[in-house]
Amino acid sequence: MAKLLIVDDEMGIRELLSEILRDEGHDIQLAENAAAARAARNAERPDMVLLDIWMPDTDGITLLKEWSANGQLNMPVVMMSGHGTIDTAVEATRIGAIDYLEKPIALQKLLASVKRGLQRPVASGAPAPLTLAAFTRSAPLRELKRRIEQIADSSRVLLLRVGGGSLAELVARSLQAGGAPWLDLTAVNVPLDINQLQASQGGLLYVAELARLSRAQQKNLAFALERLDRYDLRLVVATERSHDALLSEGWDEAVLDRLFEISLAPPAMSDIRDDLPELAAQVLLHLVEANDVPLRRFSTAALNHLRTHSWTGGYGELRAAVRSLALATLEEEIGLPEVRRLLAPNPDAAASAIPLDQPLREAREAFERMYFEHHLRLESGNMTRLAEKTGLERTHLYRKLKQLGLQAGRRHEEN
């Protein structure tokens with residue numbers, strides 16, 4: 001007996017298909033829209049899905065893309081529509097659907113399609129890396145995806161101007177073609193040769209921070225940069241430094257000129273704080289589908305607490321935290337206490353940062369400096385949010401930061 005999920009916004013169709021397939025001995029789960037389908041797919045892990053294309057909240061093609069992007073398309077999916085087109089059917093098949101049924105659905109076609117789907121071998125191997133395509137409900141991430149795709153149409157090279165809390169790796173993964181090679185140039189410590197580029201043909205080369213490259217690795221980058229077209233390669237690099245700062249550190253000017261031709265400043269984690277619960281939940285789903293962690297889910301309170309963390313280590317820090325929580329939590333639900341324990345700062349370290357054998361005025365100044373440094377990091381230098389958080393009028397806030405020798409984050413004023 002197979003577990004089938006039927007997703008359709010019309011109650012009559014859900015009930016009819018359910019009755020037919022239950023008579024065939026299958027266990028049936030029903031969902032009236034994409035939101036219910038997501039929840040049912042995650043909770044029940046069906047053997048097969050019958051998915052309507054036209055639904056009121058999210059259409060079936062978008063949901064299919066989402067499942068494919070986050071590694072959840074490891075069960076056969078049959079699309080259904082009463083007014084589809086050949087183009088729609090072709091797109092659904094390209095994304096990963098195994099069949100396409102037109103409404104009204106003939107009984108024999110339905111049964112034959114379900115039989116074929118259930119006879120397909122179960123997908124094996126690790127899912128593709130998580131990309132921006134998985135986050136269909138986040139407006140900033142959808143916009144970011146469109147921006148990088150538009151740039152990719154015209155250039156093989158993309159430089160990401162990043163700061164703390166970078167999404168650089170997620171952006172780079174989103175430009176990596178499905179199944180294509182990935183080569184992190186920071187991990188290559190020997191001279192790059194033609195054989196390595198040939199092995200990476202059609203793939204993506206990545207550098208998380210240009211300033212961390214050694215002289216030898218800078219030469220590898222220059223070597224690859226001249227051969228991107230020949231081997232059908234893309235290059236995504238990220239840096240917090242400016243062109244002139246890198247030049248002053250000894251970089252080749254011609255290489256920097258080429259890298260800085262087209263750049264993009266993606267949002268930082270602090271800029272998408274409201275989307276962090278979805279980001280964390282999708283990362284957890286992806287780890288579960290890859291069999292990297294046990295089946296786990298976040299409580300609402302846990303997700304809300306993840307939103308308040310500063311994530312100065314960026315997407316990589318979030319992914320590591322989610323994996324740690326999933327591996328260490330004994331229950332299926334990851335609750336607020338587990339998240340607090342993992343993310344809480346070390347109180348002893350904080351206390352020891354302020355010597356207590358000094359006059360009160362110096363101790364108070366040391367605490368104030370630590371306090372404002374913490375909130376400057378948390379708000380990524382945004383002075384409007386910092387003023388709200390600390391309860392200080394902005395003129396007073398700037399005066400206080402200057403007095404403490406701290407740099408006000410004026411470049412973030414508009415964020």
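1. Salt bridges. The model is a predicted one, and it contains 23 salt bridges, counting a side-chain nitrogen of Lys or Arg within 4 Å of a carboxyl oxygen of Asp or Glu.

2. Glu289 and Arg45. These two residues form a salt bridge in which the closest N and O atoms are 3.3 Å apart. Because Glu289 belongs to helix 12 while Arg45 sits in the loop between helix 2 (34–44) and strand 3, the pair ties together parts that are 244 residues apart in sequence. The two partners may be set side by side as to burial. Glu289 counts as buried, at 7% relative accessibility, whereas Arg45 is partly exposed, at 33%.

3. Arg319 and Glu169. A salt bridge joins the side chains of Arg319 and Glu169, with an N to O distance of 3.1 Å. This pair likewise links distant parts of the chain, since Arg319 is in helix 14 and Glu169 in helix 7, 150 residues apart. The relative accessible area of Arg319 is 30%, so this residue is classed as partly exposed.

4. Arg307 and Asp274. The side chains of Arg307 and Asp274 also meet in a salt bridge, at 3.9 Å from N to O. Arg307 is part of helix 13 (residues 300–308) and Asp274 of the loop between strand 10 (263–264) and helix 12, so parts that are 33 residues apart in sequence are tied together by the pair. Arg307 is partly exposed, with a relative accessible area of 24%, while Asp274 counts as exposed at 65% relative accessibility. A further group should be noted here: Arg38, Glu66, Arg137 and Glu278 are joined into one network by salt bridges that share partners.

5. Helix 14. This helix spans residues 314–328, 15 residues in number, and reaches 21 Å from its first C-alpha to its last, close to the 21 Å expected at 1.5 Å a residue. Which residues of helix 14 are buried? They are Gly314, Tyr315, Leu318, Ala321, Val322, Leu325 and Ala326. These residues lie on the same side of helix 14, because they cover an arc of only 130 degrees around the axis. In an α-helix there are 3.6 residues a turn, so residues three or four places apart point the same way. The partners against which the buried residues of helix 14 pack are helix 7 (168–174), helix 12 (276–289), strand 11 (297–298), strand 12 (333–334) and helix 15 (336–343).

6. An unreviewed UniProt entry carries the annotation "modified residue: 4-aspartylphosphate" for Asp52. The residue is located in strand 3 (residues 48–52). Is Asp52 buried or exposed? With a relative accessible area of 2%, Asp52 is buried, because buried means under 20%. Leaving aside residues up to four places away in sequence, Asp52 touches Val7, Asp8, Asp9, Gly60, Met80, Ser81 and Lys103.

7. Domains and distances. The domain assignment of the protein gives domain 1 (3–119), domain 2 (132–264), domain 3 (275–344) and domain 4 (351–404). Between the C-alpha centres of domain 2 and domain 4 the distance is 36 Å. Glu24 lies in the loop between helix 1 (11–23) and strand 2 (27–31) and is partly exposed, with a relative accessible area of 47%. From Glu24 to Leu160 the C-alpha to C-alpha distance is 54 Å, and the two are 136 residues apart in sequence.

Definitions and conventions:
Residues numbered from 1 in each chain as written. Predicted model: local features only at pLDDT ≥ 70, side-chain atom pairs only at ≥ 80, totals over all residues. Heavy atoms only, no water. UniProt positions renumbered as here; feature names shortened; annotations may be inferred. Helix = DSSP H or I, 4+ residues; strand = E, 2+ residues; numbered from the N terminus. Buried < 20%, exposed > 50% of the residue type's maximum accessible area, 1.4 Å probe, protein only. Contact = heavy atoms within 4.5 Å. Expected span 1.5 Å × (residues − 1). Arc of directions from axis to C-beta. Domains from an automatic or database assignment.
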